[in-house]
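Student: I am new to this structure and would like a close look at a single part of it. Please take me slowly through the pairing of charged side chains.

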Amino acid sequence: MEGDCLSCMKYLMFVFNFFIFLGGTCLLGVGIWIIVDPTGFREIVATNPLLFTGAYIMLAMGVMLFLLGFLGCCGAIRENKCLLLFFFVFILLIFLAELSAAILAFIFRENLTREFFTKELKKHYQGNNESDVFSSTWNSVMITFGCCGVNGPEDFETAPRFLLLHSHNEVPEACCRRELQSRDGAIISKEECLQGKDMYQNQQGCYTVILNSFETYVYLAGALAIGVLAIEVYSSVNFCILSTKVTKREYAKGKGCV
C-alpha cells in the first residue's frame, strides 16, 4: 500500500513539475524577446531602469523555473533525495524572488502611471529625429497602434523639445492618420494633420489604447502567477512527503545521496 502511495505521489509530482518546466520555458522566451526585440519595444522599456531590470528578472525567473521543473521531474522519477533537495531550494529561491518582485512592483507602481509616461514623453520626445532611440520608438508605437502621445495630441502643446525642433507643427507625423497603420502606410493628409486638423489626426492617447490592448493579457498573467504559486505550494508539500519516504527507504537500504 505504501509503495502504491509513493508511486502515485511520484507521478503526480512529475506532472506538476512538467507544467512548471513549460511555464519556465515560456517566461524564458518572453524575456529573451523583450531583450533582443528588433521592433524597438526594448528601447521604450530601457528608458525606465526599473522596467528594464524587470525584463532581466523575467529572464532569470524563466531560467529558474526551467531548472526547477527539470530537477523536479528528474528527482521524482528517479526518487533521488539530492535532486529533490535541490528542487526544494529552487522553490524557496523562486518564492523569495516573487515576493521581492511583488514588493518592488507595489513600491514603484507610480512609474507605470499615465502621469509618468506623459512627463517622460514631454521631456525627451524630439519628433521625427530617427537618430534618437526614444523618439523613434515612440513614433513606432504611435504608428503601430494608431494613437497620439500618451493622452492625445494635446501632449505636444507643452512638449518643449518637440516645440523647439518643430515650431510650425501641432503634432508629429506619427500622429497623422494613414491609409494603412504601418510605416509604409501613406499619410491621408499630411499638411492638414500637422496644422492641427482633428479629422486627420489620431485623437486617442497611446496609454488608453495599449492598456485596452493588453488588458486581457494582464489578467491572464495574474491568473498564471496564482497558478504557479499554487503549483509551488503543492510541489513543496509533495517534496516533504516524497523526500521523507525516500529517506526512510534509503536509510533502510543504507544508501546515501545517489
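Tutor: A residue is called buried under 20% relative accessible area, exposed over 50%, and partly exposed in between, using a 1.4 Å probe and protein chains only. This is a predicted model, in which local features need pLDDT of at least 70 and side-chain atom pairs count only at pLDDT 80 or more, while totals for chains, interfaces and linings use all residues. Residues are numbered from 1 along each chain as its sequence is written, and side-chain values use heavy atoms, leaving out hydrogens and water.

Side chains of opposite charge can pair when their charged atoms come close. A salt bridge here is a side-chain nitrogen of Lys or Arg within 4 Å of a carboxyl oxygen of Asp or Glu, and by this rule the count is 1. Glutamate 173 and lysine 190 form a salt bridge, their closest N and O atoms lying 2.8 Å apart. This pair links distant parts of the chain, 17 residues apart, with glutamate 173 in the loop between α7 and α8 and lysine 190 in helix α8 (190-194); helices are DSSP runs of H or I with at least four residues, numbered from the N terminus. Glutamate 173 is partly exposed, at a relative accessible area of 23%, and lysine 190 is also partly exposed, at 36%.

Aspartate 155, in the loop between α6 (133-145) and α7 (160-165), is buried yet has no salt bridge, and the nearest side chain of opposite charge, that of lysine 122, is 4.9 Å away. Lys and Arg count as positive and Asp and Glu as negative, with His and the chain ends not counted. Beyond four places in sequence, aspartate 155 touches Thr118, Leu121, Lys122, Gly149 and Val150, where contact means heavy atoms within 4.5 Å.

Notes. Helices (H or I, at least four residues) and strands (E, at least two) are DSSP runs, numbered from the N terminus.
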